[in-house]
Amino acid sequence: SPSVFTGGLMDDFMELGNTVQDEELDAVINAQEPNQCCVLIYTSGTTGKPKGVMLSHDNITWTSAHASQAGDMQPAEIQQETIVSYLPLSHIAAQIYDLWTGIKWGEKVYFAEPDALKGGLVDILKEALPTSHMGVPRVWEKIMEKIKDVSSQSGYVKKKMLSWAMSVSLEQNLSSSNSDLKPFRMRLADALVLAKIRHALGFSHCQKHFCGAAPLSTEVLQFFLGLNIPLYEAYGMSETTGPHCMSGPHVYRHYSCGKAVPGCKVKLVNEDEDGNGEICFWGRTVFMGYLNMEDKTREAIDEHGWLHSGDLGKIDQDGFVYVTGRIKELIITAGGENIPPVPLEDAVKKELPALISNAMLIGDHKKFLSMLLTLKCTLDPDTSEPTDCLTQEARDFCQKVGSKATQVSEIIRLKDRAVYQAIQNGLDRVNARAVANVQRIQKWAVLGKDFSISGGEFGPTMKLKRQAVVEKYKDEIDSFYKN
C-alpha cells in the first residue's frame with residue numbers, strides 16, 4: 001500500500017544506504033564485468049523442467065538500449081515515456097520492458113497492484129495514461145472480450161456506430177497505403193467513436209502498443225486495427241534477453257513479429273518446401289547458458305554461436321519474421337504426418353469468434369485429429385477465475401442459433417443440439433479447407449471450464465501448457481480414440 005512508503009518504512013530503507021561507505025559501493029561496482037551473470041530467469045517449464053537462464057550485464061544493457069530503440073521508445077530528453085508495470089517481474093519481458101529499459105531511458109513507471117490482471121488493469125491505465133503499453137496476447141484478448149461484451153449490451157445505434165467505425169478503420173489499416181493522410185471517413189470514425197474507446201481504456205496518450213511472449217491470433221490483431229490500435233509484435237525468448245525481433249511504428253508488417261534488432265541476426269535451418277524452418281538467433285542478446293546445465297546449453301547453442309529457438313517460422317525477402325509454430329508442438333500422427341496445431345486452432349476460433357475461447361488440437365501418435373474446446377465465459381471479478389456464465393456475446397450467439405442457454409454447464413449437460421450443431425458447422429467449414437484428409441478434425445468435446453493460470457492450462461504469461469492440458473483432460477481425449 002502506498003501509505004507504507006510515505007512514512008517510516010521508506011525513511012528506514014533510505015537510511016540503510018548511510019551505513020555503507022562510498023568506497024565499499026565503488027568496490028562492488030568496479031568489480032562487475034560485462035560478461036558476468038547479472039540476472040537469472042527461470043523458464044516457465046511449459047516443455048520440461050524449468051531452466052535457469054543466465055543473462056550477463058552486457059545482455060541486459062545492450063538489449064535494453066537497442067531493442068527499445070528498434071521499438072521507437074524515446075529518451076526522456078526527447079519525450080517522457082510513461083509505462084505501467086503489471087506482469088510478473090520474474091519474466092524476461094517485464095524485466096526488460098518495465099525495469100531495464102525504464103532505467104536506460106528515464107521512463108516514468110507506474111507499478112500496478114499485484115491483482116491488476118484480475119480486473120484492475122484498466123483503472124491504472126486510466127490513471128497513468130501510458131505513452132507505450134506491452135501486453136501478452138491473453139491480455140489483449142481479455143480487453144477485446146470486455147469491449148465486445150459492453151458493446152453487445154448497448155443500444156442499437158451505439159452498436160451500429162461502433163461496427164461502422166471499426167470496419168472503416170480496419171479497411172484503411174489493412175490497405176497497402178501507409179500514407180499519413182487518412183481519408184475523411186477514417187478521421188470522422190476515429191474522432192466520433194474510436195478515440196472515445198481508447199480514452200475509456202486509458203490509451204488516449206498511447207503511441208505504441210506492443211505484444212509478445214506468445215502467438216497473437218488474427219482475430220485479436222484485426223480487432224485492434226479496427227480500433228486504430230496497431231499491435232507491434234516482438235519476438236524472442238528468455239534466452240535472447242527478451243526481444244530479438246521487434247516491430248514498431250517504422251518497422252511494421254501485418255501478422256509479422258518484425259525484424260531482427262539492428263546488430264542482431266536471424267536465420268532459418270532445415271527449411272521445408274513451404275519455406276518453414278527452425279528460427280535461429282545470433283547477437284549480443286544471446287544468453288551465457290543455463291545454470292549448472294552444460295549439456296542443455298550445448299543443445300541450445302551450436303558451435304557457431306547460433307541459438308536454436310525450437311520455433312518454426314518464415315522470413316520474407318525484406319527480413320520480416322513470421323512465427324508459424326513450435327517444433328515440440330508439432331503433432332506427428334500415427335501415420336507420420338507433421339501437423340502444426342496453431343493454424344488449425346486459430347481457424348476454428350476465427351470461424352466461431354463469438355463462442356469459442358480456447359481450442360487445442362489433439363493427435364500426437366493418434367490415427368486422426370480431435371480437438372478440445374472451451375466457451376467464452378465471464379470472469380469472477382475477485383479471483384479472475386472463469387465462471388460458468390457465458391459472456392453476453394456468447395449468449396447472443398446461442399440465441400441466434402436457437403438456444404436459450406446462458407451457462408456452459410447447461411450446454412454440456414443437455415448436449416444443447418443447436419449449439420453443438422453450430423460448432424460442428426464451424427468445424428465443417430474449417431475441414432472443407434483442409435488440403436488432405438489427415439488435417440481434418442474428426443472429433444471434439446466442449447470442456448466444462450475455460451483455461452486459466454490457476455487451472456494449470458496456462459503458464460504465467462498465459463502461454464498454453466499443452467502437456468498439462470493433455471494430462472488434465474486425459475479421459476476426454478481417451479474417449480475420442482476408444483474404438
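# Figure legends: overall fold and close-up views

**Figure 1. Overall dimensions of the predicted model.** With 483 residues, the protein chain has a radius of gyration of 24 Å, which agrees with the value near 23 Å that a compact globule would have. The model shown is predicted. Along the principal axes, the C-alpha atoms of the protein chain fill a box of roughly 75 × 55 × 50 Å. The secondary structure of the protein chain comprises 17 helices and 22 strands. Of the 483 residues, 48% count as buried. The protein chain exposes about 24,500 Å², and carbon and sulfur atoms supply 54% of this area. Among contacts between residues at least 6 apart in sequence, 61% join residues at least 24 apart.

**Figure 2. The open sheet of β1, β2 and β13.** Three strands are arranged in the order β1-β2-β13, and their pairing is antiparallel. β1 (37–42) and β13 (289–290) are the edge strands, each pairing on one side only. Five bridges connect β1 with strand β2 (residues 52–56) in the antiparallel sense. Within this pairing, Val-39 stands opposite Leu-55 in β2. Helix α4 (residues 57–70) packs on the sheet and touches both β1 and β2. The direction of α4 makes about 70 degrees with that of β2.

**Figure 3. The open sheet of β11, β12, β14 and β15.** The four strands of this sheet follow the order β11-β12-β14-β15 with antiparallel pairing. Its edge strands are β11 (265–269) and β15 (321–326), each of which pairs on one side only. Neighbouring strands of the sheet are turned against each other by 50 degrees on average, direction ignored. Strand β12 (residues 277–282) and strand β14 (residues 307–315) run antiparallel and are joined by four bridges. Here Glu-278 stands opposite Leu-312 in β14. β14 and β15 likewise run antiparallel, joined by five bridges, and Ile-315 stands opposite Val-321 in β15. The hairpin of β14 and β15 has five residues between the strands, and Gly-319 in this hairpin takes a positive phi near 90 degrees.

Figure 4. Ser-256 counts as buried because its relative accessibility is 2%, below the cut-off of 20%. When residues up to four places away in sequence are not counted, Ser-256 touches Glu-233, Ser-247, Phe-320, Val-321 and Tyr-322. One of these, Val-321, is the residue of β15 that stands opposite Ile-315.

**Figure 5. Nonpolar cores and the surroundings of Phe-224.** The largest nonpolar core has 49 residues, of which Val-84, Tyr-86, Leu-121, Trp-140, Phe-224 and Leu-227 touch the most other members. Helix α9 (residues 184–201) provides the largest share of this core, with six residues. Leaving aside neighbours within four places in sequence, Phe-224 is in contact with Trp-140, Ile-143, Met-144, Ile-229 and Leu-231. Apart from this core lies another of 32 residues, including Leu-352, Leu-355, Leu-369 and Cys-377.

**Figure 6. Pro-137 in helix α7.** Pro-137 belongs to helix α7, which spans residues 137–152. With a relative accessible area of 5%, Pro-137 is buried, since the cut-off for this class is under 20%. Not counting residues up to four places away in sequence, Pro-137 touches Cys-211, Gly-212, Ala-214, Pro-215 and Leu-216. The C-alpha atom of Pro-137 is separated by 7.9 Å from that of Ser-217, although the two residues are 80 residues apart along the chain.

**Figure 7. Packing of helix α13.** Helix α13 (residues 392–400) has as its buried residues Gln-392, Glu-393, Ala-394, Phe-397 and Cys-398. These buried residues pack against α7 (137–152), β21 (386–390), α14 (408–413) and α15 (417–432). Just after α13, Gly-402 takes a positive phi of about 100 degrees.

Definitions and conventions: Residues are numbered from 1 along each chain as its sequence is written. This is a predicted model: local features need pLDDT of at least 70, side-chain atom pairs count only at pLDDT 80 or more; totals for chains, interfaces and linings use all residues. Side-chain values use heavy atoms; hydrogens and water are left out. Two strands pair if DSSP finds at least two bridges between them. Helices (H or I, at least four residues) and strands (E, at least two) are DSSP runs, numbered from the N terminus. Contact means heavy atoms within 4.5 Å. Axes are lines fitted to C-alpha atoms, for helices over the stretch in contact, and angles run from 0 to 180 degrees between N-to-C directions. The radius of gyration is taken over C-alpha atoms; the globule rule is 2.2 Å times the number of residues to the power 0.38. Buried means under 20% relative accessible area, exposed over 50%, partly exposed in between (1.4 Å probe, protein chains only). Accessible areas come from the Shrake-Rupley method with a 1.4 Å probe; for residues, only the protein chains shown count as cover. A nonpolar core is a set of buried Ala, Val, Leu, Ile, Met, Phe, Trp, Tyr and Cys residues joined through side-chain atoms within 4.5 Å.
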